[in-house]
Amino acid sequence: MTTVVFNRRTLLAAGGTLLAAGASGLLVPARAEGLAPTETMSGGANNYRRGAPIVERIGKGGFWMSGTVRRAGDGAPLAGQRIQIWAHTVEGQEHEPQSHGATLTDKDGKFRLEMPQIIPIFGQPHGHLAYDSGEFKTVFLRPVMRSPKETSLEAHFVLQSA
């Protein structure tokens with residue numbers, strides 16, 4: 001067993017080491033790293049239609065696209081942000097106008113829009129989403145589903161000021 005002797009010299013040495021190592025860091029609250037902005041995904045802008053209308057539902061529905069929109073840095077939820085959604089579905093191809101629609105985020109930065117079931121194109125079932133309102137930098141997402149049998153898909157945006 002080791003015996004530690006505390007005398008004036010060891011206490012002064014320990015105190016000096018603590019100061020040299022930055023004891024002030026122990027007195028200041030920890031600062032969170034900023035939340036990084038979402039990067040645009042490759043292929044996300046394919047078949048994008050500027051100004052797609054805000055709709056209650058795309059087509060006959062049956063599939064749910066949802067997610068969140070937050071501000072880069074502090075992660076605050078962003079209300080009233082326009083998210084455009086489109087996909088290749090059982091009712092239309094992703095380049096057709098009836099396959100596009102937009103929705104707005106709620107007070108908690110959440111969005112949800114019903115649309116027809118997404119089906120594979122180019123071997124992958126995937127959706128397209130865009131933030132394009134102008135207050136923040138435009139971001140295009142292209143999330144891929146694990147299975148064409150899934151009936152929902154989520155996508156999350158972290159936006160950076162334009």
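Biologist: In what order do the elements of the chain run from the N terminus on?

Modeller: In this predicted model, the elements run α-α-β-β-β-β-β-β-β. The secondary structure comes to 2 helices and 7 strands.

Biologist: How do you know which part of the chain has the lowest confidence and which the highest?

Modeller: The pLDDT gives the predictor's confidence in each residue, from 0 to 100. Helix H2 (residues 24-27) has the lowest mean, at 40, and strand S4 (residues 110-115) the highest, at 98. Over residues 8-32 the pLDDT is below 50, and this stretch has 4 contacts in the model beyond near neighbours in sequence. Where pLDDT is low, the predicted coordinates should not be read in detail. The chain as a whole averages a pLDDT of 85, and 80% of the residues score at least 70.

Biologist: What makes S2 and S3 a pair of strands?

Modeller: Two strands pair if DSSP finds at least two bridges between them. S2 and S3 are joined over 5 bridges, in the antiparallel sense, and therefore they meet the criterion of at least two. Within this pairing, isoleucine 85 stands opposite glycine 101 in S3.

Biologist: Why are S3 and S6 called edge strands?

Modeller: The open sheet has 4 strands in the order S3-S2-S5-S6, with antiparallel pairing. Strand S3 (100-104) and S6 each pair on one side only, and these two are the edge strands. From one strand to the next, the twist averages 20°.

Biologist: What makes a set of residues a nonpolar core, and which members touch the most others in the largest one?

Modeller: Such a core consists of buried residues of listed nonpolar types, joined through side-chain atoms within 4.5 Å. The largest has 22 residues, of which Ile83, Ile85, Met115, Ile118, Leu129, Phe157 and Leu159 touch the most other members. Several strands each supply at least two residues of this core, among them strand S1 (63-71) and strand S2 (82-87). S7 gives the most, with 4 residues.

Biologist: With which residues is isoleucine 118 in contact, leaving aside its neighbours within four places in sequence?

Modeller: Contact means heavy atoms within 4.5 Å. By that cut-off, the partners of isoleucine 118 include Phe63, Met65, Ala87, Pro125, Met145 and Leu153.

Biologist: What share of the residues in the chain is buried?

Modeller: Buried means under 20% relative accessible area. Of the 162 residues in the chain, 37% are buried. The chain exposes about 10000 Å², of which carbon and sulfur atoms supply 55%.

How values were computed
Residues numbered from 1 in each chain as written. Heavy atoms only, no water. Buried < 20%, exposed > 50% of the residue type's maximum accessible area, 1.4 Å probe, protein only. Axes fitted to C-alpha atoms, helices over the stretch in contact; angles between N-to-C directions. Areas by Shrake-Rupley, 256 points an atom, 1.4 Å probe, with all protein chains shown as cover.
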